[in-house]
Number of protein chains: 2
Amino acid sequence: MISKSKIRFIKSLDKKRYRQETGLFLAEGNKLVSDLLPYFECESLFAKPEWIASRGKITAKEIVEVSEEEIERAGLLKKTRDVIGIFVQPKMVLEKETLSDELSLILDGIQDPGNAGTIIRIADWFGIKNVICSPDTVDIYNPKTIQATMGSIARVKVFYAELVQLLAELEHIPVYGTFLEGNNMYTENLGSTGFIVMGNEGNGIRNELKNRIHHRIHIPGFPSGGETSESLNVAVATAVVCAEFRRRQVYSVQ
Amino acid sequence: MISKSKIRFIKSLDKKRYRQETGLFLAEGNKLVSDLLPYFECESLFAKPEWIASRGKITAKEIVEVSEEEIERAGLLKKTRDVIGIFVQPKMVLEKETLSDELSLILDGIQDPGNAGTIIRIADWFGIKNVICSPDTVDIYNPKTIQATMGSIARVKVFYAELVQLLAELEHIPVYGTFLEGNNMYTENLGSTGFIVMGNEGNGIRNELKNRIHHRIHIPGFPSGGETSESLNVAVATAVVCAEFRRRQVYSVQ
């Protein structure tokens, strides 16, 4: 049985303010909750008895048996039927020393929760361990973002930092940025380490950051010079760029 | 002034049944409506007087001046402030003869309206003129899909067809399909013409279609064999695959 105040509490985690105050975040549905349980400290689980029985040992501070109707009432997603988990946001420290040996993503003002989550999932696919976000990028613990990561949030570390300052401090690391008017990425030298900066959905990379970018790259449309869409969705563009960096790295062919 | 019955009518176009009965579809917001007006027959425009005045000549059967509050009330999107357009779904004939000279996309049971729209936008970017969908793929005239195309629906033709039958009929055309267990696409021969089949978000390409696919390809994660996300979002995967086909075509380098 789930109390009204618990339902209110669960729903409050849709708001960034309450997530920050409590340091918690919400995940819904069997697949996602099961993916997160081994990696994140679990504060509360609200689950159907069958779900609990099927899991064997579960490590959570509180486990509450609830009915399907109660779960539907408590959840933020329409289709949550089996389990809702409340997890503790991990405290992470950006290890700046290792960044020069890796390929990392930088998100500059990404606003859409789904885009941010999809980008985390892409980072995971392409073996990118760190994603560094400007403070005005959407909160990664937004339930829609967590949902869109499809569990990849367990393997990718996400940080928030003042980007201009960070890139000034790490100026020995090559910085790639995507621009609609950048150089064709297929004819550009791409290294196997560095930062790839992806800009805001509508406005791209902010001005203050532009002069920190060493390589302005661009995904060419086809045919070259033809009339195409004005742009690609930012998550889509992130994937195409990351795929090309990794292809070069593996096949060493431009 | 917009009548209650008009508001009901606008909102009814959120349902596939009413879109099919009327042969109409809905677009909201200045950017999208402006992009579609030159390409689609416009049945009705509901717009603020300033918007109408700023446009010069508009070709539409009916133009209704409305207030911002009325538009917000009538629209399906929260942020529609200036204009709502009702357009006629074009009648299109799939020109099968030309398909053998082109690269086309096939969508097998894509369910998410946003994914379908994003894929149209991707097709447009990569110069893919035809997208052929299984009958159970989401309706391309779903308002969320139209929105996600960001106007690309004006340049990409979308058809619905029984895919098994179509591929049987066009068996001289090479068919590529993406599979999680396919061959690494970077080491596979990719032609510059053919069909690329993208499968349903959860289940992939349906069994009946699988033996019509000549080349099973796969986007490799990084590092090879490492633990990554289980899959990529289908729109994201479409973009990475289309980018690689076009790169090969332009640079002729594997």
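Reader: Which strands of chain B do five bridges join, and how do they run?
Author: Five bridges join strand E8 (residues 175-184) of chain B to E10(B), and the two strands run parallel. One pair of facing residues is B:Gly177 and B:Arg216, the latter in E10(B). Strands (E, at least two residues) and helices (H or I, at least four residues) are DSSP runs, numbered from the N terminus. Two strands pair if DSSP finds at least two bridges between them.

Reader: And what kind of model is this?
Author: This is a predicted model, in which local features need pLDDT of at least 70 and side-chain atom pairs count only at pLDDT 80 or more, while totals for chains, interfaces and linings use all residues. Residues are numbered from 1 along each chain as its sequence is written, and chains are lettered from A and ligands numbered from 1 in the order in which they are written.

Reader: Back to chain B. In what order do the six strands of the open sheet lie?
Author: The order is E7-E6-E5-E9-E8-E10 in chain B, with parallel pairing. Strand E7 (157-160) and strand E10 (215-218) of chain B are the edge strands, each pairing on one side only. On average, neighbouring strands of this sheet are turned by 35 degrees against each other, direction ignored.

Reader: Which strands does H6(B) touch?
Author: H6(B) packs on the sheet and touches strand E5 (103-108), strand E6 (130-133) and E7 of chain B. The direction of H6(B) makes about 175 degrees with that of E5(B). Such angles run from 0 to 180 degrees between N-to-C directions, and axes are lines fitted to C-alpha atoms, for helices over the stretch in contact.

Reader: What does H10(B) lie across?
Author: H10(B) lies across E5, E8 and strand E9 (194-199) of chain B, and runs at about 160 degrees to E9(B).

Reader: How do the axes of H6 and H10 of chain B cross?
Author: The axes of helix H6 (residues 113-125) and helix H10 (residues 234-251) of chain B come within 9 Å and cross at roughly 15 degrees. That makes H6(B) roughly parallel to H10(B). Angles under 35 degrees count as roughly parallel, over 145 as roughly antiparallel, 65 to 115 as roughly perpendicular and the rest as oblique. The crossing of these two helices, H6(B) and H10(B), is right-handed; that is, the near helix is turned clockwise from the far one by less than a right angle.

Reader: Which residues make that contact?
Author: H6(B) supplies B:Asn115, B:Thr118, B:Ile119 and B:Ile122, and H10(B) supplies B:Val234, B:Ala235, B:Thr238, B:Ala239 and B:Cys242. Residues are in contact if their C-beta atoms, placed from the backbone, lie within 7 Å. In this contact of H6(B) with H10(B), six residues are nonpolar, three are polar and none is charged. Ala, Val, Leu, Ile, Met, Phe, Trp, Tyr, Cys and Pro count as nonpolar, Asp, Glu, Lys and Arg as charged, and the others, Gly among them, as polar.

Reader: Let us turn to the two chains. How many residues does the contact take from each of chain B and chain A?
Author: The contact takes 30 residues from chain B and 30 residues from chain A. On the side of chain B that touches chain A, H6 and H10 of chain B are the elements that give two or more residues. H10(B) gives the most, with eight residues. By class, that side of chain B has 16 nonpolar, eight polar and six charged residues.

Reader: At what angle do H10(A) and H10(B) pack?
Author: The angle is about 45 degrees, with the axes of H10(A) and H10(B) 9 Å apart. H10(A) and H10(B) are therefore oblique to each other. Their crossing is right-handed.

Reader: And which residues meet there?
Author: A:Ala235, A:Val236, A:Ala239, A:Val240 and A:Ala243 of H10(A) meet B:Ala235, B:Val236, B:Ala239, B:Val240 and B:Ala243 of H10(B). The contact of H10(A) with H10(B) has ten nonpolar residues, no polar and no charged ones.

Reader: What rotation superposes chain B on chain A?
Author: A rotation of 180 degrees with 0.0 Å of shift along its axis does so, with an RMSD of 0.0 Å. That is the relation of a two-fold axis. The same surface serves both copies, as 100% of the contact residues of chain B recur in chain A. Copies are superposed by least squares on the C-alpha atoms of residues with pLDDT of at least 70 in both.

Conventions: Contact = placed C-beta atoms within 7 Å.
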